[in-house]
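Look at the structure before reading on.

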Amino acid sequence: MIDGIILLLIGVILGFNIFFSYIVAPLLFSNLDHRQAGEIMNIIFPYYFASGWIVGIIIYSLVGIKSVKDKDIIKNFKWFIVGIFVLILTHMALHKTVLPIARNINIQYYSAIDKGEEKKAAELRSKFKTIHGISSTINVFNLILEIYLFQYYFLRVRRLKKG
């Protein structure tokens, strides 16, 4: 039963990544002005990024519970455990570092726009694009890692049950 819950949780993280990054964000930015869409994303994305590291910690805990009965779990799932650890770190980095930096730059950008400070706004826009590029790269990395973790765990559990 724990194996099913772990796969479900990885599937949830994977689904969140696809849904928010490739469906919600593009829809908002193509149907609203950038300022409104950004404000909505500033409400949604902290929860999305937090869910990644919180679910990762829950998965770690479930693996720990499973290790009480199965002493070989660490050996059999070491790359999965390392991957979950990396996923927790990258989601925490997005949630606690990259997102606040991007939000701060965005606030300064719109303040400069409102004040008519075009040169300052252009500089801030450039900084935001850099931070957004970093965020997007980490997010794509997380997507690939989540797919890897799902298939790794699924196939490893099947192989161990057969053997």
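Contact means heavy atoms within 4.5 Å. This is a predicted model: local features need pLDDT of at least 70, side-chain atom pairs count only at pLDDT 80 or more, and totals for chains, interfaces and linings use all residues. Residues are numbered from 1 along each chain as its sequence is written, and side-chain values use heavy atoms, with hydrogens and water left out.

**His95**
- His95 sits in helix α4; helices are DSSP runs (H or I, at least four residues), numbered from the N terminus.
- His95 counts as buried, because its relative accessibility is 15% (buried means under 20% relative accessible area, with a 1.4 Å probe and protein chains only).
- Leaving aside neighbours within four places in sequence, His95 is in contact with Pro46, Phe49, Ala50, Trp53 and Pro100.

**α2 and α4**
- Helix α2 (residues 34-69) packs on helix α4 (residues 78-115) at an angle of about 165°, with axes 9 Å apart. Axes are lines fitted to C-alpha atoms over the stretch in contact, and angles run from 0 to 180 degrees between N-to-C directions.
- α2 and α4 are therefore roughly antiparallel (angles over 145 degrees).

**α1 and α5**
- Helix α1 (residues 2-31) and helix α5 (residues 118-162) pack at about 160°, their axes 10 Å apart.
- That angle makes α1 roughly antiparallel to α5.
- Residues of α1, including Ile6, Ile10 and Tyr22, meet residues of α5, among them Leu143, Phe150 and Val157.

Definitions and conventions. Helices (H or I, at least four residues) and strands (E, at least two) are DSSP runs, numbered from the N terminus. Angles under 35 degrees count as roughly parallel, over 145 as roughly antiparallel, 65 to 115 as roughly perpendicular and the rest as oblique. Buried means under 20% relative accessible area, exposed over 50%, partly exposed in between (1.4 Å probe, protein chains only).
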